[in-house]
Amino acid sequence: MNMEVRYATNPTDAKQYDGERLRSEFLIESLFVEGEVNMVYSHYDRVITGGAVPTVKPLKLEDSETLKTEFFLERREIGIINISDGKGKVIVNGETFELNKRDCLYVGRGNEDVQLDSVDASQPARFYLASATAHKEYPTKKLPIEEATPAKLGSDAESNNRTIYKYIHEDGLQSCQLMMGMTLLAPNNMWNTMPPHVHDRRMEAYLYFDMDEDSRVFHFMGKPDETRHMVVKNEQVVLSPPWSIHSGVGTNNYTFIWAMAGENYTFTDMDHVKMDELK
Ligand SMILES: O=C(O)C(=O)C[C@H](O)C(=O)CO
Ligand SMILES: [Zn+2]
């Protein structure tokens with residue numbers, strides 16, 4: 001288990017950052033390594049994002065060193081999505097949940113033993129993890145992508161025709177503060193979340209995946225009138241501060257998982273940015 005800690009940055013300081021500094025604060029370049037659990041603890045709403053790729057043996061969710069708790073979910077909840085064609089298994093206190101590609105499992109606070117495993121070590125599962133602090137236990141529950149409610153957004157004319165699947169949210173899997181879902185772009189559509197928005201009440205993390213080796217997403221961040229971009233590869237995560245837009249355009253098709261935590265539990269609570277305000 002590897003845990004990196006990242007502190008929060010205010011937007012006035014972030015204005016001065018060059019590309020390298022921007023990437024070291026806001027881009028997570030390597031989460032998915034075979035046989036490892038890698039996580040980043042962000043001071044933005046204390047959200048932990050991580051990747052786990054179990055092969056020949058299960059990997060345990062743990063980090064008493066950083067959290068100073070007896071077990072990982074003592075005071076936390078977690079959303080787990082398998083992004084691999086290889087089937088995965090999550091074993092929660094002895095109960096097994098099988099996750100196909102794009103299925104999501106919510107595990108509530110108080111579950112002591114969480115293990116992540118692959119059904120076939122030669123085609124391992126790749127689990128994306130997002131965890132937030134939690135004040136009570138909600139039931140551990142799986143939601144296959146087929147049962148997540150799709151919402152169509154955008155249009156071919158704007159090159160942003162896409163479908164949002166919400167898994168953990170007020171009308172889906174219940175949680176304390178974590179919200180999580182996946183956005184799939186229709187073929188030949190490259191833009192996400194443009195026009196952009198901010199939500200000063202919540203941080204957000206985007207995991208970009210399903211990309212070829214040479215595909216890139218140009219991810220836009222920053223205050224609406226002070227934007228920057230980072231060039232993002234397959235299976236990399238952007239940490240989006242509450243004051244920042246979070247939008248991207250790909251050189252090829254891609255999918256992304258968004259996860260949020262913070263003040264309220266209302267997916268639609270966004271401050272939309274007018275194109276005139278963008279600089
Ligand atoms: O495609 C989109 O637009 C999104 O998926 C937006 C995210 O869900 C988001 O930013 C929620 O605040
Ligand atoms: Zn958002």
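Two strands count as paired if DSSP finds at least two bridges between them. Strands here are DSSP runs (E, at least two residues), numbered from the N terminus. This is a predicted model: local features need pLDDT of at least 70, side-chain atom pairs count only at pLDDT 80 or more, and totals for chains, interfaces and linings use all residues. Residues are numbered from 1 along each chain as its sequence is written, while chains are lettered from A and ligands numbered from 1 in the order in which they are written.

**View 1. An open sheet of seven strands has antiparallel pairing.** The order is β2-β21-β18-β23-β15-β14-β13. Its edge strands are β2 (27-28) and β13 (149-153), each pairing on one side only. Strands of a sheet pair through backbone hydrogen bonds, either parallel or antiparallel.

**View 2. Strand β15 (residues 179-185) is largely enclosed by the rest of the structure, because six of its seven residues are buried.** Buried means that 20 or more other C-beta atoms lie within 10 Å of a residue's own; 12 or fewer means exposed, and anything in between partly exposed, with C-beta atoms placed from the backbone. Six bridges join β15 to the antiparallel strand β23 (residues 255-262). Here T183 has F256 as its bridge partner. Strand β14 (residues 162-168) also pairs with β15 in the antiparallel sense, over six bridges. In that pairing, I164 is the bridge partner of T183.

**View 3. β13 and β14 pair in the antiparallel sense over five bridges.** A151 stands opposite I164 of β14.

**View 4. Eleven positions are named around ligand 1: L153, R162, I164, T183, N192, T193, H199, E204, H246, W258 and M270.** A residue belongs here if its C-beta atom, placed from the backbone, lies within 6 Å of the ligand. The shell divides into four nonpolar, five polar and two charged residues. Ala, Val, Leu, Ile, Met, Phe, Trp, Tyr, Cys and Pro count as nonpolar, Asp, Glu, Lys and Arg as charged, and the others, Gly among them, as polar.

**View 5. The "binding site" annotation of an unreviewed UniProt entry covers H197, H199, E204 and H246.** These residues span 50 residues in sequence, yet no two of their C-alpha atoms are more than 11.5 Å apart, so they gather at one spot. UniProt positions follow the numbering used here, feature names are shortened, and annotations may be inferred rather than shown by experiment.

**View 6. E204 is found in strand β18 (residues 202-209).** E204 counts as buried because it has 24 C-beta neighbours inside 10 Å. H197, with 16 such neighbours, counts as partly exposed.

Key
Helix = DSSP H or I, 4+ residues; strand = E, 2+ residues; numbered from the N terminus.
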